[in-house]
Amino acid sequence: MTGLDTARVRAVMGKEMRDYRRKRSIVVTMAILPFLFLIEPVVTIFLVPTTTAISGPDTYVILPLLYLLLIPSVMPSTLAAYSVVGEREQGTLEPLLTTPISQQEFILGKAAAVMIPTMMLSYTVFGLFLAAVALFAKSVVASAVFYQVPVLLALFLLTPLLAGWAIVVGMAVSVRASEVRVAQQLSMLASLPPVGLILLLAVGVIHPTFAVAFIFAVVLLAIDVRALRIVSKMLDRERLVTGSRAARS
Amino acid sequence: MVGDSKLGLKTDEASRRIPSDSKSPPALVVDRLTKCFGERIAFSDVSFEVAHGEVFGFLGPNGAGKTTTVRALGTLIAPTSGTATVAGIPLSPENGMEIRRRVSIMPETPGLYLRLTVTENLEYFAGLYGLRQPGARIIDALEAVNLGDRAGDLCGGLSKGLRQRVALARTLLSDPVIMFLDEPTSGLDPVAAREVHELISDLRQKGVTIFLTTHRLEEAEELCDRVAILDTTLRTVGRPAELRAQLFKSALVVRTLVPLSDPDQVFNDIVTVEGWTSDDPGSYVLSVSDLRLAAPEVTRCLVRAGADVLSISEAQHSLEDVYLELIDDDVEAHRR
């Protein structure tokens, strides 16, 4: 087993980023989707009745904040699902697999190329939301939002971890799928478990405390790391090139 | 082991090895390599050697297993049985990365990123090969394929021929010990194909080992030091001239102004003539045991018979004749 060559990981990531920039539809989709997710929380916060006395965890405030976690949960799955099967469909996978790149380097490079724009956009949208609340929301509402420290912490901590889950699942589907459309549809379904968890938090079945956020983050991190290793092992050159698994003699 | 051909071709161990006049150690040693996908045999019991600096042609019909052999030797797929040494390294899953470092493969389709420029495509692959500061290497590779002036063009805007050349430049980047070129002139117009031929000739001059799969027999004849003909199993290996000599008996083609009234009487008495056929009036193909002895004797007999001789020449057989003779035989066998 050879070590990880970060230069090769960066090469894959750099190529992906260049490719995104050149395809306008990818950039537009990437940019629009998070901002659509921003509308509902902003509207909700600005419609909080002024007569409502807000103190401590409150659904009016927590729900919009947790809603923002849908961005890293859903946004990367389409790109991740395209990552391997897309290369296969456009005939670029075989030349790539003839190079000395390892499975881990390939998967990490691809994953990073989806993770970076996802995090940038997610944090930008969070920032815009908090800025809008600080500047334009009623002071009682604004202070209630900034009072939700565990939720805000969860927001920042869980963003890369939820994105990581969506990416590894999307890539796992992409490695096995025979065509891009199937991969993208399946990967959307795979984003549902974290969405379900967010909903449980939002409706109060699980109470969003610092401890819950921390445990949730640790578990998700462990799952992401393990899943990344599994996906690397799934990247079987023979299967990808010929469509059938290598026979072990 | 001897794989006897009913056509009289030698496919023994000696012919599969690199020629004895080769001074360099083999770049590629393949020994009884077999690949099956379930019940289907892609190629079976394939053995040959390729010397350093040799251009080795790998010929065969569609589905013969040429591309699968290249993929196996390039560590993209695992052989079912047999062994191979690629660029001095035993072929095994553990050695995959090391082998891929030393070889480069140009698949049949260029597989370029169409939204990236020519240079960006090459930069990407330079990064994958771990080349630091690849600028000069990229310029050299592009110059080698006459694409220096198209470096900034998007690959999506290039013609098929130009894309093929970019793919060829990509294989040059890593300075490989062995280059596997899978149908490099497929779909190219004659001018573009000629340029690729010139590039391969240049690379041969520089001592690069080239494993060339092709359907174009004139290409193999022109470029390759030796060729192998594969149709799931290896049908033959050797220099084109040797294969012709092995497969076809020496023959003279005689043309006369007026058809001979009794060819049997003329030819049967010549000791060196073993038989004759005639497809056209006034044209005769004589199988002879020794060309040097037969030609003057045949001339004398024809003159003695009062024939108006237009020409007497040695029958020429191309690599295509060798190929068709072998592959037609397989096709007939399949039909039966």
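**Strand pairing, cores and chain contacts**

In strand S4 of chain B, B:Thr85 is the bridge partner of B:Val29. The model described here is predicted. The strand S4(B), residues 81-86, runs antiparallel to S1(B), and the two are joined by 5 bridges. S1(B) covers residues 26-37 and is also joined to S2(B), residues 40-51; this pairing is antiparallel and has 8 bridges. Within it, B:Pro26 faces B:Ala51 of S2(B) across the pair. S1(B) and S2(B) form a hairpin with 2 residues between the strands, and B:Gly38 in this hairpin has a positive phi near 65 degrees.

The antiparallel pair of S12(B) and S13(B), the latter spanning residues 283-288, comprises 5 bridges. Two positions of this pair can be named. B:Thr277 lies opposite B:Val285 of S13(B), and B:Trp276 has B:Leu286 of S13(B) as its bridge partner.

Chain B as a whole contains 12 helices and 14 strands. Its C-alpha atoms occupy a box of roughly 75 × 45 × 40 Å along the principal axes. The chain has 336 residues, of which 44% count as buried. Of the contacts in chain B that join residues at least 6 apart in sequence, 70% are between residues at least 24 apart.

Nonpolar side chains in soluble globular proteins tend to be buried together. In the present model the largest nonpolar core comprises 146 residues, and A:Leu68, A:Met171, B:Phe180, B:Ile210 and B:Phe211 have the most contacts inside it. Helix H9 of chain A, residues 149-176, supplies the largest share of this core, with 16 residues. Another core lies apart from this one; it has 14 residues, including B:Leu252, B:Val273, B:Val288 and B:Leu302. The surroundings of A:Leu68 can be given in detail. When neighbours within four places in sequence are left aside, A:Leu68 is in contact with A:Phe37, A:Pro41, A:Val125, A:Phe126, A:Phe129 and A:Leu155.

In chain A, helix H11 spans residues 192-202, and its buried residues are A:Pro194, A:Ile198 and A:Leu201. These residues cover an arc of only 60 degrees around the axis and therefore lie on the same side of H11(A). The exposed residues A:Gly196 and A:Leu200 are carried by the face of H11(A) that is turned away from the buried side. Just after this helix, A:Gly204 has a positive phi of about 90 degrees.

Between the two chains, 28 residues of chain A are in contact with 28 residues of chain B. On the side of chain A that touches chain B, the elements giving two or more residues are the helices H1 (6-22), H6 (93-97) and H13 (237-242) of chain A. The most comes from H1(A), which gives 7 residues to this side. By class, the side of chain A that touches chain B consists of 9 nonpolar, 9 polar and 10 charged residues.

One residue of chain B illustrates these contacts. B:Gly127 belongs to helix H4 of chain B, residues 118-128. It counts as buried because it has 24 C-beta neighbours inside 10 Å, where 20 or more are required. With residues up to four places away in sequence not counted, B:Gly127 touches A:Ala7, A:Arg8 and A:Ala11. Within chain B, B:Gly127 and B:Ala42 are separated by 85 residues in sequence and by 33 Å in space, C-alpha to C-alpha.

Terms used: Residues are numbered from 1 along each chain as its sequence is written. Chains are lettered from A and ligands numbered from 1 in the order in which they are written. This is a predicted model: local features need pLDDT of at least 70, side-chain atom pairs count only at pLDDT 80 or more; totals for chains, interfaces and linings use all residues. A nonpolar core is a set of buried Ala, Val, Leu, Ile, Met, Phe, Trp, Tyr and Cys residues joined through C-beta atoms within 7 Å. A residue is buried if 20 or more other C-beta atoms lie within 10 Å of its own, exposed if 12 or fewer, and partly exposed in between; C-beta atoms are placed from the backbone. Helices (H or I, at least four residues) and strands (E, at least two) are DSSP runs, numbered from the N terminus. Two residues are in contact if their C-beta atoms, placed from the backbone, lie within 7 Å. Ala, Val, Leu, Ile, Met, Phe, Trp, Tyr, Cys and Pro count as nonpolar, Asp, Glu, Lys and Arg as charged, and the others, Gly among them, as polar. Two strands pair if DSSP finds at least two bridges between them. The arc is that of the directions from the helix axis to the C-beta atoms.
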